[in-house]
Each structure stands twice: as C-alpha cells, then as structure tokens.
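This report is meant for someone meeting the structure below for the first time. Please look through the sequence and the model before reading on.

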Amino acid sequence: MVADAKDPNISNLELINLPGGPETFELAAKYCYGMNFEITTANVAHLRCAAEYLEMTEDYREENLIERTETYLNEVVAHSLEKSVEVLSACEALLPIAEEVGIPSRCVDAIAINACKEQLVSGLSRLDCDGGSVELKDRCVEWWVEDLSVLRIDFYQRVISAMGRTGVRTDSIIACLMHYAQESLKGIEKPQIWNPARTNTDMGENGQRVIVENLVSLMPTDKSASIPLNFLFGMLRMAIMVDATLACRLELERRIAFRLEMVSLDDLLIPSLQTGDSLFDVDTVHRILVHFLQRIEEEEENEDCGYESEVIGSTSHGSVLSVGRLIDAYLAEIAPDPYLSLPKFTAMIEVLPDYARVIDDGLYRAIDIFLKAHPMLTEHECKKLCKFIDCQKLSQEACNHAAQNDRLPVQMVVRVLYFEQIRMKNSLSGSSGDRFLSQKISSGIPSAAMSPRDTYASLRRENRELKLEIQRMRARLSDLEKEQVFMKQGMMDKTGNGKTFLNSLSRGIGRIGIFSGQTGGKQHKSGRKSREGKTGRSRRYSVS
C-alpha cells in the first residue's frame, strides 16, 4: 500500500473502514512481525476480513494471514455448531466484506450440517425424550435454542432455512422458533396491548415487526408439523400489535383455523387496538372462523367415501359441533361489551351454518346478554337479532326462561310458547320426532334428473340433518327423563305439607334450568311491552 502511494515521502497511511478496527489491525501487525498470538472464534472473522482488506495473500508470503485464518475456519469452526454460531454472530459487524469472503454462508451450512449430525448421533436420547415428560423434551433441545437465539434475524432466517433443507427435525425447528420469539420479542409489554393511543414510531417496534414476519415465514409448512396453539395465538397478537403485513396475519389465522376445534375460549379473546372499537378483535376471530368452514367444506368435497360412511361420530361433523359450542361461548363473552356493534355481533352468528348447533341454548344466552347490555336497540333490531334463534332447537329450561324474558320481542315469546305446546303434545302422544324422521328419509331419495355429484351432495346434506335431529331427540329424551324423576318425587310428596301433585310437578319443572339466578327491578326499554304482570312471579331464569 505504501508502494502504491504516489508520494515517496509519505509518513502517514490512513486505513479507512478497516474491519475490526484498531484491535484487529494490531493483531495483523503482530503477525507481520512474527509475534505470537492466538486465533480464536472471537477474532477469526475479524482477522480474515482484515487480511482481505490488507491483501495479506500468498503472493507476498507463504502461509500468510488469509491462509492461516482459512485453515482455522475449515478445520476448527466448521466442525463445531457452537463455534460456527459464534463466528456467524461476529460477522454482523463485518458486513459487507464478510459476505464477500463467504464466512456467513459457510457458517450457516456448518450449523445445519452439525445439527443434523447431532440428531443422528443422539438418536437414543431422542427416543427417551419422545417418551418422557415435557420438561425432559425441553432439556433435549435446550442446546439448540440457547445457541441460535443470539443471532440476528437475517442470519437466523438463513440458518433455519438451511436446517430445513438438510433434514433437521420439525419439532426442533419449532422449538427454536418459539425460543427465539420469546427472547427477541420480550420488549413488547402487556400494558401496550390495551393502550390504543400508543404510537408506532419506535424503531424497536419496526425491528420487532421484521422479526415477527420472518418467524411466521419460517414456520414449517408440512401438515405433520404440530405448532402449539398458544404460540400461534401469541404470534398473532404480536403481529397485530406491531402492525405486521396482512399476509403475515392471514397465515397465522389460517394455521389456527386448521385446528380451531382444539382452541380454548381464552385464546379467542384477542384485544382490539383500534380506537373507539370494541374491546375484543371480533374481525380477526370472524376471519379465523371463515377459514375453518372453508377447510371443512374442502374436506367434505374431497372425501372419497360414500354416503353410508358418514356416521354420527364423523371427524368433520364433530369438529363443526365443537366449534359451534366454542363460538356460542365466545359470543356470550363479548356480548356485554357496550362498544360492540350489532353488525359485528350478527356477522359472527350468521357465519356458522345451521348444522353447527344441535341446540340453540348457547346462542340464546349470548343474544339475551347482548340485549341486556344494549338497551338502546330498537324493536326492529331486536326482532332481527332474535330471528337467528330456532325455537325448535331450544331445550326445556331455555324455553322456560324465554317465556318469562321481557327483553325478547313479543313475537319471539309467542313462537317459543307455540313450539313448546307442540312439543308437549308430541310427548303426550308418543310421536316425538318420528314424523320428522320419516319425512327426512323420504325426502332423501334422489331424483333421477339429478347428476351424481348433486345426488351425493343432497344425500350428505340430508344425512347431516338426520344426525342433528337424532342428537336433538336425545336431548329431548334427557329432558323427559328429568321430568319423570320430578313426577315420581311429586307423587311421593303430594300428601305432605298440603301440596298437590300438580304443584310439585310445576315446582320440579321450574328447577330445571341452566339460566339460574334472580333479577329484580329491571329497567325496560321504550317500545317494548313488559309482561311481568302476566305471571305475577319473579324472573327466576334471567341471565346475569
């Protein structure tokens, strides 16, 4: 470099942007003067880049600094996962010259290859982990997550991608992703979730957005990969908080929808960050539910089995029923929110098909809570909301509660009393649902003009309705058995305390209720007629 200078009397040489700074230059100078020093994983990347910058090649000296550092990288670093991670982490401050000499790519490949070798060598211990407890499994992959969590997200992405190509187990990759997310996203505090006035100008949040989006893109795509649902929901909350891309959030929602029947109610209670909106993010849950129903529809269309193979315990139908109960519980949980709009609430009700509910008790309870929390609804809005309730799918206790519920429109109460009268008549005549089943069976005969595809769809639909009716009949049979028990108790107690048999029977039937609790002194909305004077009794079944 001095020889290339035009000034022969030059006394100072300025080295601009020397990789590693003065400390690395001092080591390079010691090497030139033959002074002893140790090449380690902490300085080998700096020395290799500095040697490239200073052109310390074999043209000037045998076994020059480039050759010495390359030997260390190939013989020491490349055979150790821990050393490869340490050198790769040191390259973060040496870009772009580190990329020019190929250090990061070699470290990434070495990490992936050594990880794959480690899993092959520790096959016996892995079998022990698979058969052991959760804590034992965590200890088996602890060395993975602890080492890789120090990498920057761009290097980490390259490492995980290389691991997937070399055959590293999916569960190990998932464990790494979970630990990296836990370590790198801990800066987001929980109070920020409920603070809609927070700003998005923080540079740290921009970095967290990149981390979230990259981690989601690194999730295994094969269906056998079982990513914990709590991790998926945690990433979804993070994606919403840092304003990740729509594609990132939709991918998380799609993965959650694939196993929605296994989700708990607490998982769905995602806080909303929009100012003036409801307390919970109803739109996100609505999209998840739409994805779930699309998946169920695709599975049913792709089924190769025939009509006879669909039984009451079929997997897809059981999943829909489980999700139906989950959504009804979710509706009851969000219904007290005074900021929840009627269109959002009705959209969550409409998206579920009719066959997702065997009985409408959960839906009725959610609507009743919504009516209580939103007393300013008009009579038309109340009627529109109550149309979603199928009075024929209400249990005995729900009908008892609805008949005395002054929050319901008059037409709704009349329908409940009408169908309750029909149900009682059928129970006394012994024709509980037989006529309906015969109609369903006769209507299920395909027409000769229908195509085979339409015929199969019609038979599948009729089969689903029959299965639902059978389950409703089982629920009604359970109600009748309860009534029989109360009748026997009434017959035994009718001589005591001056009580007649009919009084005991009515008191027993009145005790059947999941909607228990006392309410008094209710405030009625304008435009709704109060029916308290009809019975002269307190509302024993009002939802609290």
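## Overview

The model described here is a predicted one. The protein has 544 residues, of which 44% count as buried, and it contains 26 helices and 0 strands. Among the contacts in the protein with a separation of 6 or more, 74% are accounted for by residues 24 or more positions apart.

## Helices α10 and α11

Helix α10, which covers residues 153-166, packs with helix α11, which covers residues 170-184, at an angle of about 170 degrees, and their axes are 11 Å apart. Because angles over 145 degrees count as roughly antiparallel, α10 and α11 are described as roughly antiparallel to each other.

On the side of α10, the residues that meet the partner helix are Ile153, Tyr156, Ile160, Met163 and Gly164, while α11 contributes Ile173, Cys176, Leu177 and Tyr180. Sorted by class, the contact of α10 with α11 has 8 nonpolar residues, 1 polar residue and no charged residues.

## Helices α13 and α14

Helix α13 (residues 229-241) and helix α14 (residues 246-257) pack at an angle of about 155 degrees, their axes lying 10 Å apart, which makes α13 roughly antiparallel to α14. The crossing of α13 and α14 is left-handed.

The contact is made by Leu232, Phe233, Met235, Leu236, Ala239 and Ile240 of α13, together with Cys248, Arg249, Leu252, Glu253, Arg255 and Ile256 of α14. By class, the contact of α13 with α14 holds 9 nonpolar residues, no polar residues and 3 charged residues.

In soluble globular proteins, nonpolar side chains tend to be buried together. The largest nonpolar core of this model has 130 residues, and the members that touch the most other members are Tyr156, Met163, Met235, Leu289 and Phe345. Helix α13 gives the most to this core, with 10 residues.

As for Leu289, once its neighbours within four places in sequence are left aside, its contacts are with Leu260, Val323, Ile327, Met348, Val351 and Leu352.

## Local backbone features

Most residues other than glycine have a negative phi, and most peptide bonds are trans. Against that background, Glu55 has a positive phi of about 55 degrees although it is not a glycine. Glu55 is placed in the loop between α2 (44-53) and α3 (65-75), and with a relative accessibility of 48% Glu55 counts as partly exposed. Asp243, likewise not a glycine, has a positive phi near 60 degrees. Asp243 is found in the loop between α13 and α14, and with a relative accessible area of 43% Asp243 is partly exposed.

A further feature of the backbone is the cis peptide bond that joins Leu95 and Pro96, for which omega is about 5 degrees. Pro96 has its place in the loop between α4 (81-90) and α5 (97-101).

Technical notes:
Residues numbered from 1 in each chain as written. Predicted model: local features only at pLDDT ≥ 70, side-chain atom pairs only at ≥ 80, totals over all residues. Heavy atoms only, no water. Axes fitted to C-alpha atoms, helices over the stretch in contact; angles between N-to-C directions. Helix = DSSP H or I, 4+ residues; strand = E, 2+ residues; numbered from the N terminus. Parallel < 35°, antiparallel > 145°, perpendicular 65-115°, else oblique. Left-handed = near helix turned anticlockwise from the far one by under 90°. Contact = heavy atoms within 4.5 Å. Nonpolar A, V, L, I, M, F, W, Y, C, P; charged D, E, K, R; others polar. Core = buried A, V, L, I, M, F, W, Y, C linked by side-chain atoms within 4.5 Å. Buried < 20%, exposed > 50% of the residue type's maximum accessible area, 1.4 Å probe, protein only.
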